[in-house]
Structure formats: C-alpha cells, structure tokens
Amino acid sequence: MFGRSRSWVGGGHGKAARSIHSLDHLKYMYHVLTKNTTVTDHNRNLLVETIRSITEILIWGDQNDSSVFDFFLEKNMFVFFLNILRQKSGRYVCVQLLQTLNILFENISHETSLYYLLSNNYVNSIIVHKFDFSDEEIMAYYISFLKTLSLKLNNHTVHFFYNEHTNDFALYTEAIKFFNHPESMVRIAVRTITLNVYKVDNQPMLHYIRDKTAVPYFSNLVWFIGSHVIELDNCVQTDEEHRNRGKLSDLVAEHLDHLHYLNDILIINCEFLNDVLTDHLLNRLFLPLYVYSLVNQDKGGERPKISFQVSLYLLSQVFLIIHYAPLVNSLAEVILNGDLSVFSSKVEQDIQKNSTKSSIRCFIKPTETLERSLEINKQKGKKRLQKRPNYKNVGEEDEEERGSEDNQDDLDKTKGTEASSKGIRTSSENEEIEMVIMERCKLSELSISTVTEQNTTDEEKSAAASGSEITNWNRPFLDMVYNALDCADDDYYALFVLCLLYAMSHNKGIDPVKLERIQLPAQHAEERNSYNHVLAERLIRIMNYAAQPDGKIRLATLELGCLLLKQLVFSKNGSIIKDVHLACLEGAREESVHLLRRFYKGEEIFLDMFEDEYRSMTIKPMNVEYLMMDASILLPPTGTPLTGIDFVKRLPCGDVERTRRAIRVFFMLRSLSLHLRNEPETQLPLTREEDLIKTDDVLDWNNSDLIACTVITKDGGQVQRFLAVDIYQMSLVEPDVARLGWGVVKFAGLLQDMQVTGVEDDSRALNIIIHKPASSPHSKPFPILQATFIFSDHIRCIIAKQRLAKGRIQARRMKMQRIAALLDLPVHPSTEVVMGFGHSSAATAQHLPFRFYDQSRRGSSDPTVQRSVFASVDKVPGFAVAQCINQHNPSPLSSPSPSSGSGSTGRCDSVTASSTSTPSAAQSPSVRSGRKGRRRVFSLSEADSHGGHWV
C-alpha cells in the first residue's frame with residue numbers, strides 16, 4: 001500500500017538518497033503539507049501520497065524512533081488531516097484518509113504513541129465529521145475505523161473518547177446509529193464496538209451509557225429484532241413449497257446473531273445495563289411476542305403475533321443461547337406457571353398509571369428514532385443535571401409533567417443505582433416480571449404434584465389436571481406445550497416442543513426448583529424418586545407412533561424424545577421408571593423389530609445400510625444446538641430428498657429410505673430399552689474393533705493359509721507380502737525377523753468392503769480395492785487399498801481370487817445371520833462349500849455358522865474361542881506338529897447373549913471340516929504378547945469339528 005510513496009518523493013539525486021523512514025523525511029512531508037493546505041484537482045494525488053507516507057513513518061517511529069512522534073505532536077500535524085476532510089475534497093481523499101488512519105491505529109503498539117495520536121481531541125472531530133455514508137466504500141472504512149478505535153479502549157484511553165464534563169461519548173453514540181444498517185457487516189461491526197465499550201470498567205462512562213443511551217438503544221434494538229421475527233414468520237407462512245429457503249435461512253441466522261449479541265452483553269455482567277436490557281427483552285419482545293403467540297393465534301387482534309411453531313422455535317433458541325439467570329428464570333416462570341393475566345388490559349391500565357413500578361408488556365415501536373432520542377438526551381444534558389434513567393421508556397412528556405415530584409424520587413433512585421454499581425442489590429430490585437405470578441407459586445406446585453404423582457391413565461390425569469387448574473391456577477402456556485406433543489397426524493409441533501423442553505432443562509441459568517414444579521429434572525439433578533408421568537407417557541406415545549409402518553415421526557423427533565425420556569426417568573441411583581411405562585416402551589421396541597422384519601432382505605445393500613446407519617448414529621449423535629440453527633425444520637415436514645434437507649429432519653421417500661428409517665428406529669429403541677434396564681449391548685456393532693486384526697500386530701502364522709505375492713500400489717511402490725484370509729479380514733503379512741514362524745501385519749481390511757477383478761493381459765495378477773466404511777450413506781467411498789497383486793503362477797492367482805471372493809460372501813452371510821438373530825428371525829445356515837470347507841449335516845444342525853464376538857468376556861483358556869482354519873498353500877518356516885484330540889461336549893444352540901451362569905455362548909465360529917477332505921491340522925493366528933507362544937490345535941475330522949485345545 002505504501003510502495004507508491006517512493007515514486008514521487010524527491011525529484012533529484014540528493015533527495016532520492018534520503019531514507020523514507022526517518023525524521024528528516026517526516027519534516028519534508030510536513031513541508032509538503034504546509035505548501036498544500038488547500039485541496040485542488042492538481043494536488044489531490046500528492047496529498048493522498050503524503051498522508052500515506054506520514055502514516056508509514058509514524059508506524060516505523062513507533063517501533064524505532066520516539067522523536068518521530070515528538071515532531072508530529074509538536075507541529076500538530078493531525079490538524080492537516082482534519083482540514084483536508086473539512087474541505088469537501090471528494091470521496092477519493094476521504095476514502096484514502098480513513099484507510100490510512102485505520103492502518104495507523106491498527107499498527108501502533110506503544111501506549112505513549114497512542115496517547116500522542118489521541119490527544120487534542122482531533123480523533124473525535126474526525127468521528128463526528130459528516131461523511132457521505134451513502135457511499136458504501138466510505139461507510140465500510142468509517143465503521144472499520146471506529147471498530148479499530150474501540151479495540152484500543154481501556155481504563156486509560158477511554159478518557160480520550162468520553163468527555164465527562166461535556167457528557168459526550170462520540171465513539172459510542174455515532175457507532176450505535178448504524179445498529180440497523182442494511183449491510184450486515186456494518187451491523188456486526190457496531191455490535192463489536194458496543195461490546196468493547198461495555199467491557200471497559202469505567203463507572204462514569206457506564207453511568208452515562210445507562211442514563212443517556214441505554215433506553216433509546218435497547219428499545220430500538222428490541223423493535224428491530226422483533227421486526228425481523230415478524231418477517232421470518234411471514235416467510236414461514238408463505239413458503240410451504242420450500243421455495244424461499246435461502247431467505248428463511250438468512251433470517252434465522254440474523255436472529256441467532258441477535259441472541260448471541262444479547263448474551264454477550266449479559267455475560268459482561270454490568271448489572272445496571274443488564275437490568276435495562278432484561279426489562280426490555282422480557283416486556284417488549286419475549287413475553288408479548290414470543291410467549292403470547294403460544295396461546296393466541298387470532299391474527300385479527302391488536303397485538304402482533306407469530307405462528308405457534310415459530311414461537312416455539314425462537315424460544316428454544318433463547319434458552320439454548322442465553323443463560324442469564326434473572327432473564328431465563330422469569331421467562332421460564334411465565335411459560336411453566338404463568339397465565340394470560342400477564343397481558344390483561346386491567347394490568348396494562350394500572351401500569352400506565354404507575355409506570356415506575358411495572359412496565360408495559362407489549363411489542364410496540366419506540367416513539368422516537370435512536371438518532372432523535374440521542375439528540376434529545378444530549379440537549380437535555382446541557383440544561384439540567386443527570387437524571388435517573390427512564391428504564392421503562394415511557395414518553396418524555398410524562399417525565400416533564402411530573403416535574404418536581406420526580407426530583408426527590410431521582411435522588412433516591414440515584415442512591416440505589418450507586419449501591420447496585422458496587423454489586424449490592426436492594427430488595428426493591430426484584431424482577432418485576434415475577435410480581436404477579438410469584439404469589440401463586442405454591443398453588444401451582446401443589447397442582448403439579450397432585451397430577452404427576454397419580455399412577456393413573458392419561459385420561460384420568462388430564463381430568464385431574466384440568467380440575468386442579470380450574471380451582472387453583474390456569475396454565476395455558478404449559479397446556480399448549482403438552483398438547484403439541486400429540487403426534488397422531490405429524491410431528492411438526494412436537495419437535496419444537498421437545499427442543500424447548502430440552503433447552504430449558506439444559507439451561508444453566510434456570511433455577512432447578514422451577515423445573516421441579518413440573519418434575520422436569522435439570523441436566524445435573526439431585527437424587528429423586530418420582531418423575532412426570534404425563535410427560536413420560538407422551539414421549540412413549542411418540543415412540544409408539546415412530547415404530548408404526550405409516551408413522552409420521554421424523555428421526556430427529558424420535559432421538560430427541562429418547563434423550564428427554566432418559567433424562568426424565570434417571571436419577572443418581574439409576575432408572576426410576578415405572579413397570580407400566582417400561583412395558584409400554586418394550587412394546588414400542590417390539591413394534592420396531594416387527595417393522596424392520598418387513599424390510600429384512602438377503603441382498604447385500606441391506607447389510608451395508610444396517611452398518612452405515614449404526615456407524616452414523618454413534619459417530620454423530622443428536623446436537624440440539626445445531627438442529628435449532630437449521631431453518632428448514634420451520635417448514636412443514638416433507639418427504640422428498642429434492643429439498644436437500646437432511647434425512648433425519650424429513651420423512652422417508654421410497655423403499656430405501658424407509659428401510660434406513662426402520663433400521664434407525666430399531667437402533668434407538670433398542671438402545672433406550674437396554675439403557676433403562678441397565679443392560680450392556682452385547683451384539684452391536686456387528687464388527688468390533690477389539691476383535692479385528694490390526695496393523696502392526698505380531699501374530700503366529702504357523703500352519704495358516706499364506707500365499708506369497710508382490711503388491712504394486714497405485715503410486716508405483718512394490719513390496720513382497722504374504723496374503724492371508726481370515727473369517728472377516730484379508731491381511732498382508734511380512735515375516736518377523738525376531739521369531740521364526742511369526743509375522744507382522746502390514747495391512748488388514750474387511751472382506752465385505754473388497755472388490756476383486758482380474759487383469760486382462762496377465763493371468764497371474766489381480767486388482768484389489770478395499771474401501772473404508774463410509775461415515776454417511778451419501779459420502780463417496782474412500783479406498784484404503786488400491787493395488788495390483790502378482791502371484792508366482794496362475795494357479796495361485798486363481799486360488800487367491802476364489803478365497804477372497806468366497807471369503808467376502810461368507811463374511812457378509814455371517815453378519816446377515818447375526819442381524820436375523822437380532823430380529824428373532826429363523827437362521828438357516830448354508831451347507832454349500834465356502835472357503836474350502838463344507839458344513840456337515842451334524843455340525844449344521846448344532847451350530848450357528850457365525851460368531852457373536854463374546855471372546856472379550858471369556859478367559860484365555862476357554863476352549864470355545866477359536867479362529868477360522870484354512871487349507872495351507874504357502875507356509876512360513878516353523879511348522880508345528882498339531883496334536884489332534886477329540887472333544888465330545890458340543891454346546892447346544894443358544895441365544896446370542898451370554899447366559900447368566902457360565903458366561904458362555906453358542907457356537908462362535910462356522911469353521912468345520914469337509915467330510916471329503918483329508919483331515920489335517922491348522923493353527924489360527926495368535927497375538928504374541930497375549931498368548932505367550934501357546935498354540936491352538938484343532939481336529940478337522942467330521943466327528944471333532946467343534947474342538948481344539950492349547951498345547
């Protein structure tokens with residue numbers, strides 16, 4: 001940026017020798033400014049380059065030569081910058097000047113240099129200069145300049161911007177005028193500036209903000225947020241065909257930005273600012289617009305309203321983002337225990353008569369614009385002493401009519417304000433929103449406990465609840481929330497209600513006592529013995545609907561319902577769920593099993609879908625914060641994938657997606673059932689990492705099937721390896737130099753994810769590709785191995801191809817049969833020869849041809865732990881003579897889960913000997929560190945097909 005300054009500095013050889021980073025060159029620049037005090041078309045470029053060069057010298061002097069700033073201050077060179085601005089010299093000069101000033105303040109690091117630049121109040125004169133803000137470039141550089149200055153604010157520099165004597169703070173007041181600028185980057189910069197100002201712990205400055213700017217700024221900000229909410233609601237109402245999702249997403253993102261900004265102000269913990277902001281948010285936005293719309297959907301009334309689903313959606317965002325206790329407690333109190341008397345006309349009339357004790361709970365537009373309000377307050381500040389802030393934003397005319405009556409009241413309030421600024425809260429500073437509803441909290445608690453403790457049906461509980469509400473307390477907001485959990489037709493509203501309950505129970509600012517009134521436990525609740533039966537039954541009913549073939553429950557709704565039910569019925573001592581509710585849940589799980597049976601197929605795609613859904617469910621659990629950032633759930637549930645909506649947030653389309661949904665419902669309800677019964681998961685996932693061979697494992701490969709080959713990778717690398725085929729995996733092994741007969745696994749991949757093809761011009765070669773299991777059904781498969789395998793002759797190539805192909809078939813068949821066992825379907829083992837062995841009729845009748853991965857629960861001496869055995873092709877040195885023994889204790893066919901007595905299971909391996917092959921012994925691989933050289937020996941005769949022991 002500063003490189004062009006060399007082009008004009010000095011016309012002769014003597015001047016060219018002068019260093020541009022020196023005090024002498026700054027003096028020369030000063031001489032140029034004194035000769036060009038008036039901006040003309042001829043010297044405009046010269047002045048711009050001079051300002052740039054001066055800025056560059058000042059940045060250099062800040063780090064190298066303090067005399068540069070001495071000269072700059074001595075000659076008062078900032079005056080030249082201000083004079084150039086005041087001459088209406090055009091946008092080019094203004095843009096360049098703002099740009100160079102911004103660079104200058106960004107790069108100044110020493111406080112002394114910063115004090116030099118900020119002295120004499122010239123910076124404030126530039127801030128209040130009337131720029132042409134219709135020019136986007138000038139607007140961008142101006143707001144960036146203000147943001148840079150705000151980053152330099154601290155207890156020392158704030159005095160250069162806030163003038164306590166004139167009661168003026170130009171940096172702040174000029175910035176907030178752009179809070180509703182059409183350009184989003186400008187609005188973001190304004191929020192950054194205000195947060196930087198609020199963080200400065202300077203009491204006179206903060207009192208000025210509270211007294212002169214807080215009410216106008218926050219009232220206009222709240223109106224601006226509410227206007228965006230109404231626009232968002234209109235977009236939802238008119239976009240049932242999903243045509244304006246881009247606009248809807250922008251509006252939702254803007255609302256999230258607003259909430260995060262409000263939360264950032266609240267967590268600064270400036271108490272009197274938080275009081276003003278909380279009052280405006282509750283009484284001007286959250287209660288009159290968000291909460292009131294929960295029960296009154298009459299669009300013809302005088303009050304502005306939004307739709308029910310938008311109200312729930314926005315309230316969920318509020319509780320997920322904002323954790324300021326006075327605000328969220330007051331809001332939760334109204335939703336859980338409040339009634340419509342909060343908005344009654346009588347209350348409003350009383351409010352208008354005595355505005356100092358309460359506030360108008362109505363979403364109304366401020367009487368004055370922010371700029372006009374700031375100007376009025378500035379003029380009043382010059383005429384009279386500072387007053388107590390008009391927190392409730394009642395018209396200034398009413399303030400003046402009260403006259404002398406307010407003077408004494410102002411003095412009393414000022415004392416209270418001083419006390420609060422020191423962190424002392426008086427009894428009169430209680431949350432006003434709780435004034436009406438707190439009188440009946442005990443009645444409400446009694447009403448709730450009466451209903452929830454009854455172990456009765458839903459109808460009886462509803463009748464009891466309605467009766468108690470009539471006599472004691474009417475809770476229309478809570479009733480509407482519960483009624484929305486009815487998912488007989490769809491889960492459009494239920495999803496938002498579940499999100500709201502989840503957000504309230506996980507909000508750190510909400511008092512757990514308020515949640516306990518409806519027996520909704522907080523995230524870290526203490527020990528308890530009861531729970532909300534009505535809510536639990538509504539959640540279980542959602543799960544029943546989800547398990548129906550024609551259920552309209554989306555997966556996101558079901559998963560969120562499972563999370564809430566776990567939280568509802570779990571305490572520190574475990575599950576406290578009633579037997580009747582557990583039985584209903586087990587019925588829903590059985591329905592999910594029956595639903596999945598309808599989609600169970602012997603095709604390969606079902607196994608891939610089954611494992612992909614389990615993997616994606618465990619890797620990416622439900623994140624409610626991200627769910628509530630998605631604008632697409634505001635629109636009616638759709639079943640077409642053409643909208644681009646995530647599968648869990650919409651209804652299924654076609655048989656494939658219905659299968660995926662049935663699989664996911666089965667997983668969720670199975671996991672919930674096991675969790676509530678405090679039982680471990682023993683059959684999922686189908687492939688467990690601890691049961692697989694891993695890279696760099698050192699195994700005993702004596703008597704194992706090994707085929708020597710040359711592996712040529714895609715990048716041209718060439719290595720010698722031995723190919724081994726296990727029951728689930730293919731491994732590439734190299735001999736271990738430390739021990740004869742042992743090998744180091746250099747690669748291991750699942751057979752089920754493998755593709756084998758021949759090479760046209762070479763009968764000794766195979767192309768093998770093994771894909772990594774996909775993290776989602778839509779992700780592109782990623783090959784973890786893509787290589788050409790060259791064998792010593794075509795016979796060994798054919799043998800390898802057959803074993804790989806048949807091994808893949810058997811691995812997939814075993815898993816399909818395990819899925820069948822999960823679904824309580826009959827298992828029919830195949831009798832065809834697979835991987836070189838056939839299943840005899842005796843063995844087939846007694847043993848399942850797949851294992852259930854229960855080795856982790858068995859001792860190392862358990863004789864039923866065995867690995868697959870294959871005929872030998874190539875053997876590494878160190879062949880050990882096997883001792884074949886007969887074992888005549890076959891275990892009966894049992895369920896996949898371990899028995900309570902011995903911990904043993906049914907048959908784990910499907911390895912039997914072919915009755916036509918010659919009996920031989922083969923040994924499965926064993927890990928060196930764990931087995932201590934022990935060898936497992938099997939008899940492969942038909943009579944001894946299930947035996948083996950360590951020798």
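I take a crossing as left-handed if the near helix is turned anticlockwise from the far one by less than a right angle. The model I consulted is predicted.

**Entry 1: helices 27 and 28**

I looked up how helix 27 passes helix 28 and found a left-handed crossing. Helix 27 spans residues 533–546 and helix 28 spans residues 555–569; I noted an angle of about 145° between them, with the axes 10 Å apart. On the side of helix 27, I listed Leu535, Ala536, Leu539, Ile540, Ile542, Met543 and Ala546 in the contact. Helix 28 contributes Thr557, Leu558, Gly561, Cys562, Leu564, Leu565 and Leu568. I recorded 12 nonpolar and 2 polar residues in this contact, and no charged ones.

**Entry 2: helix 17**

I checked the span of helix 17, residues 325–337: its 13 residues reach 17 Å from the first C-alpha to the last, close to the expected 18 Å. I then looked up its burial and found helix 17 mostly covered, with 11 of 13 residues buried. Among the buried residues I noted Asn329, Ser330, Glu333 and Asn337, together with Leu327, Val328 and Ile335.

**Entry 3: the loop between helix 32 and strand 5**

I located Pro685 in the loop between helix 32 (654–676) and strand 5 (698–700). The peptide bond leading from Leu684 to Pro685 is cis, with omega near 0°. I placed Asn678 in this loop as well, and read its phi as near 55°, positive although the residue is not glycine.

Technical notes
Residues numbered from 1 in each chain as written. Predicted model: local features only at pLDDT ≥ 70, side-chain atom pairs only at ≥ 80, totals over all residues. Heavy atoms only, no water. Axes fitted to C-alpha atoms, helices over the stretch in contact; angles between N-to-C directions. Helix = DSSP H or I, 4+ residues; strand = E, 2+ residues; numbered from the N terminus. Contact = heavy atoms within 4.5 Å. Nonpolar A, V, L, I, M, F, W, Y, C, P; charged D, E, K, R; others polar. Expected span 1.5 Å × (residues − 1). Buried < 20%, exposed > 50% of the residue type's maximum accessible area, 1.4 Å probe, protein only.
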